[in-house]
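Hi,

Here is the structure I promised to pass on. Have a look at it first, and then read my notes below.

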Amino acid sequence: MKTTWTGPAIAVALLLAFPMCASAAGDIEAGKHKSQVCQACHGPTGTGTGDPQYPIIAGQHADYLVHSLEQYRSGERVNPIMAGFTATLSEQDMEDLAAFYAAQESPLTDISHLK
């Protein structure tokens with residue numbers, strides 16, 4: 001007996017074969033609202049405040065930003081200020097913040113000076 005695969009059956013098989021990502025997608029607008037406390041060091045859009053001790057986070061990949069926040073919260077990355085902030089964040093907060101900052105234009109991608 002020959003089995004015929006239909007579109008829905010193929011879709012279900014693919015969903016079962018490939019596990020879904022554990023993290024939910026972030027919401028850019030929610031991230032913008034939640035970024036108020038971050039702005040003191042990282043600026044309104046993550047492009048910095050002019051103080052080189054605070055990194056530019058605008059335009060970074062969202063998964064990198066979430067991973068970094070998780071590392072600050074776990075203590076794998078050591079920074080007392082970031083540890084305090086991340087201790088209060090939920091996983092969704094991190095996803096939202098990461099989505100917001102990832103969507104921002106970064107001054108680090110400007111290569112016009114290389115011409």
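Which residue forms a salt bridge with Lys-34, with the closest N and O atoms 2.5 Å apart? That partner is Asp-96.

Before I go on, some ground rules. The model is predicted, so local features need pLDDT of at least 70 and side-chain atom pairs count only at pLDDT 80 or more, while totals for chains, interfaces and linings use all residues. Residues are numbered from 1 along each chain as its sequence is written, and side-chain values use heavy atoms, with hydrogens and water left out.

**Salt bridges**

A salt bridge here is a side-chain nitrogen of Lys or Arg within 4 Å of a carboxyl oxygen of Asp or Glu. By that rule, the count is three.

Back to the pair from my question: Lys-34 sits in helix H2 and Asp-96 in helix H6, 62 residues apart, and the pair links distant parts of the chain. (Helices are DSSP runs of H or I with at least four residues, numbered from the N terminus.) Asp-96 is buried because its relative accessible area is 3%. For that label, buried means under 20% relative accessible area, exposed means over 50%, and partly exposed is in between, using a 1.4 Å probe and protein chains only. Lys-34, at 27%, is therefore partly exposed.

Lys-34 also meets Asp-93 in a salt bridge, at 2.8 Å from N to O. Lys-34 is in helix H2 and Asp-93 in helix H6 (residues 91-102), so this pair ties together parts that are 59 residues apart in sequence. Asp-93 has 18% relative accessibility, so it counts as buried.

Then there is Glu-91 with Arg-73, whose closest N and O atoms are 2.3 Å apart. Glu-91 lies in helix H6 and Arg-73 in helix H4 (residues 62-74), so the pair ties together parts 18 residues apart in sequence. Both ends are partly exposed: Glu-91 at 39% and Arg-73 at 34%. As for Lys-34, Asp-93 and Asp-96, salt bridges with shared partners join them into one network.

**Thr-86**

Arg-73 turns up again here. Its backbone nitrogen lies 3.3 Å from a polar atom of the Thr-86 side chain. Thr-86 belongs to helix H5 (residues 80-86), and it counts as buried because its relative accessibility is 0%. Leaving aside residues up to four places away in sequence, Thr-86 touches Leu-69, Tyr-72, Arg-73 and Met-94, where a contact means heavy atoms within 4.5 Å.

**Val-37**

Val-37 lies in the loop between helix H2 (28-34) and helix H3 (39-42). At 45% relative accessibility, Val-37 counts as partly exposed.

Take your time with it, and send me any questions.

Cheers

How values were computed: Helices (H or I, at least four residues) and strands (E, at least two) are DSSP runs, numbered from the N terminus. A polar contact is a pair of N or O atoms within 3.5 Å; within protein, one must be able to donate a hydrogen and the other to accept it, and residues adjacent in sequence count only if both atoms are side-chain atoms.
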